[in-house]
Amino acid sequence: MISPTSEEALLPLSVHDLTVAYHRKPVIWDVGFDIGPGQLVGVVGPNGAGKSTLLKAVMDLVPKASGRVRVFGEPYRTNRHRVGYVPQRESVDWDFPIDALDVVAMGLYREIGWFRPVGKSHRRRAMEALDRVGIADLAGRQISQLSGGQQQRTFLARALVQDADLYFMDEPFAAVDAATEAAIVELLRDMREAGKTALVVHHDLQTVADYFDSVVLLNMRVVAHGAVDEVFTQENLQKTYGGRLTLLDEATEAIRRRERAL
């Protein structure tokens, strides 16, 4: 076993030479980057670029063809108790007969233990998390009866109740209402203030500069990674998206707005 360097042990996430292949066809190839503590990091790229696969590979949800991932200097399985995860809404079975409070309490399963009842203190903490995302009044509602934005807030609360140090979020802003999007942004900023780190798959180029400190531009490989002010440029976006001009025009306008504000 390779011992982590002192520098690597301080990093919430370190990815080296990561390759994932489905049926021998690479989905992400030779991906590598480091993320420091207290950062909000956007993962941006076209459809099929491997963004969701990247998160799943980091969390050992899909097998790696090669490469090394370290979470706070150790393999993911060693430190997964320090990680919270918000999956894509499309990957969740919303017809499962469970209410919002129980979904959030699932974030405490390591503490509660399997097949053991959820105690009052756990329910209180779950309610506090639901209150923090603004839907405490929906605690007893079946998840199938929640709106898309409410469902997303429920899974954010589940991640929150874990009190993790590193969060992975797979398109948390997709198909949510403006109020939910604002609530997610506020939550992310609160996390950053508390020294937490979040790696967020994101699709809206116009808001990257407003929401994130740094960005990973991904199209199977890492095109660029670093501070938004340095990396989120028209040249790098052209390399990432190719000729998708509508997206690039939107991103260019966002970059210009940010430059005027600075």
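**The contact of α7 with α8**

A: In this predicted model, G149, Q152, R153, L156 and L160 of α7 meet A179, T180, A183, I184, L187 and M191 of α8. By class, the residues of this contact comprise seven nonpolar, three polar and one charged. Two packed helices are described by the angle between their axes and the distance between the axes. Here helix α7 spans residues 148-161 and helix α8 residues 178-193; they pack at an angle of about 15°, and their axes lie 10 Å apart. Angles under 35 degrees count as roughly parallel, and α7 and α8 are therefore roughly parallel to each other. Their crossing is left-handed.

The sheet can be described next. Three strands make up an open sheet, in the order β2-β1-β4, with antiparallel pairing. From one strand to the next, the twist averages 20°. Strand β1 (residues 13-22) runs antiparallel to β4 and is joined to β4 by four bridges. Within this pairing, S14 has R70 in β4 as its bridge partner.

A further helix belongs to this part of the picture. Helix α2, residues 51-58, lies across β1, β2 and β4, and runs at about 115° to β1.

How values were computed. Residues are numbered from 1 along each chain as its sequence is written. This is a predicted model: local features need pLDDT of at least 70, side-chain atom pairs count only at pLDDT 80 or more; totals for chains, interfaces and linings use all residues. Side-chain values use heavy atoms; hydrogens and water are left out. Two strands pair if DSSP finds at least two bridges between them. Helices (H or I, at least four residues) and strands (E, at least two) are DSSP runs, numbered from the N terminus. Axes are lines fitted to C-alpha atoms, for helices over the stretch in contact, and angles run from 0 to 180 degrees between N-to-C directions. Contact means heavy atoms within 4.5 Å. Angles under 35 degrees count as roughly parallel, over 145 as roughly antiparallel, 65 to 115 as roughly perpendicular and the rest as oblique. A crossing is left-handed if the near helix is turned anticlockwise from the far one by less than a right angle, and right-handed if clockwise. Ala, Val, Leu, Ile, Met, Phe, Trp, Tyr, Cys and Pro count as nonpolar, Asp, Glu, Lys and Arg as charged, and the others, Gly among them, as polar.
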